[in-house]
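Here is a briefing for a reader new to this structure. Look through the sequence and the model first, then read on.

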Amino acid sequence: MKLNEAAVFKWVVIVGVAAALIIVVTLLTRPLVGSMLGLVLVIAGGVYAYRWMRQRWR
Amino acid sequence: MESATVAVGHGHADHHHGPPEANDSSRIDRQTLGILLFIVSEVMLFGAFFASYFFLRVVVDPPSWPPHPYELPVAVAGMNTAILVSSSFTVHYALESIRRGNHRGLKLGLVATWLLGATFLFIQINEYVHIGFSARDLGFGSIFYSLTGLHGAHVFVGLMLLTFATIRAFRGHFGPAAKDHLGVEVPGIYWHFVDIMWIIVYVTVYIL
């Protein structure tokens, strides 16, 4: 089990980069496009987080 | 038979005092498991507030968002976001320092994190003072103050935890072994959670 602060910090970076991408897309297009991208990223992030958690728990 | 049982019972009592030993079958220490379970419950709490936000914004569907004539200080909040994200880096630096046995780095990282967190909270309170609407102004005002206020309360709790961790760091309570710096590790995990939640709140409330 390697679930510690360093592992959680990695998620701060992941969420930060994803948020920066959404902000840029929203400012370049429309809030609706940014929202759609956000939704896609949340779903993709959720799947990745689930697999990541299962791997960490071993 | 009865005397044998009594004898075994007495033998056990001689070797062990206090509560029974904790079960070590879990692959995670109790403190970290505790904060993770707490964070899961917090995610649900924030989820309920986000559900209210999106209900007001999408289902009620007002003509404009934010409703005229209200405006949100996007730039100031963006700067505040940068400050809070920076504080995650400093708390990570503090923990990396103590993992290498660098006590000075631990103290420096914790103090920097505390100052950045306090600055974030100060700017947010200043924003509330100058924003020009209150929690009584439409559903928009209510949900804005609810979401940002809920997060602000979490920052305050995080600052309290960091205060205790910093005091302990200056008293030399922590060491490089993983079990010897759980008092920083657990507040660090909580602080990262608070940071991630703010990034989501900022993007949702101020940008989208």
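Predicted model: local features only at pLDDT ≥ 70, side-chain atom pairs only at ≥ 80, totals over all residues.

Residues are numbered from 1 along each chain as its sequence is written, and chains are lettered from A, with ligands numbered from 1, in the order in which they are written. The model scores ipTM 0.87 and pTM 0.85.

**Confidence**

- Chain B has an average pLDDT of 88, and 89% of its residues score at least 70. pLDDT is the predictor's confidence in each residue, from 0 to 100.
- Over residues 1–13 of chain B, pLDDT stays under 50. The model gives this stretch zero contacts beyond four places in sequence. Two residues are in contact if their C-beta atoms, placed from the backbone, lie within 7 Å.

**Chain A**

- Chain A has two helices and zero strands. Helices (H or I, at least four residues) and strands (E, at least two) are DSSP runs, numbered from the N terminus.
- Its radius of gyration is 14 Å, well over the 10 Å that the globule rule gives for 58 residues, so chain A is more spread out than a compact globule. The radius is taken over C-alpha atoms, and the rule is 2.2 Å times the number of residues to the power 0.38.
- Along the principal axes, the C-alpha atoms of chain A fill a box of roughly 40 × 20 × 10 Å.
- Of the 58 residues in chain A, 21% are buried. A residue is buried if 20 or more other C-beta atoms lie within 10 Å of its own, exposed if 12 or fewer, and partly exposed in between, with C-beta atoms placed from the backbone.

**Chain B**

- Chain B has six helices and zero strands.
- Buried residues make up 30% of its 208 residues.
- Among contacts in chain B with a separation of 6 or more, 77% join residues 24 or more positions apart.

**Where the chains meet**

- The contact takes 18 residues from chain A and 17 residues from chain B.
- On the chain A side, helix 1 (5–28) and helix 2 (31–57) are the elements that give two or more residues. Helix 1 of chain A has the largest share, 11 residues.

**The largest nonpolar core**

- This core has 45 residues, and B:Val184 and B:Tyr202 have the most contacts inside it. A nonpolar core is a set of buried Ala, Val, Leu, Ile, Met, Phe, Trp, Tyr and Cys residues joined through C-beta atoms within 7 Å.
- Helix 6 of chain B gives the most, 17 residues.
- Not counting residues up to four places away in sequence, B:Tyr202 touches B:Ala77, B:Thr81 and B:Ile207.

**Backbone details**

- Most residues other than glycine have a negative phi, and most peptide bonds are trans.
- A cis peptide bond joins B:Trp65 and B:Pro66, with omega about 0 degrees. Another cis bond joins B:His68 and B:Pro69, with omega about 5 degrees.
- B:Pro66 lies in the loop between helix 2 (30–59) and helix 3 of chain B, and B:Pro69 is in the loop between helix 2 and helix 3 of chain B.
- B:Leu138 has a positive phi, near 60 degrees. B:Leu138 lies in helix 5 of chain B and counts as partly exposed, because it has 15 C-beta neighbours inside 10 Å.
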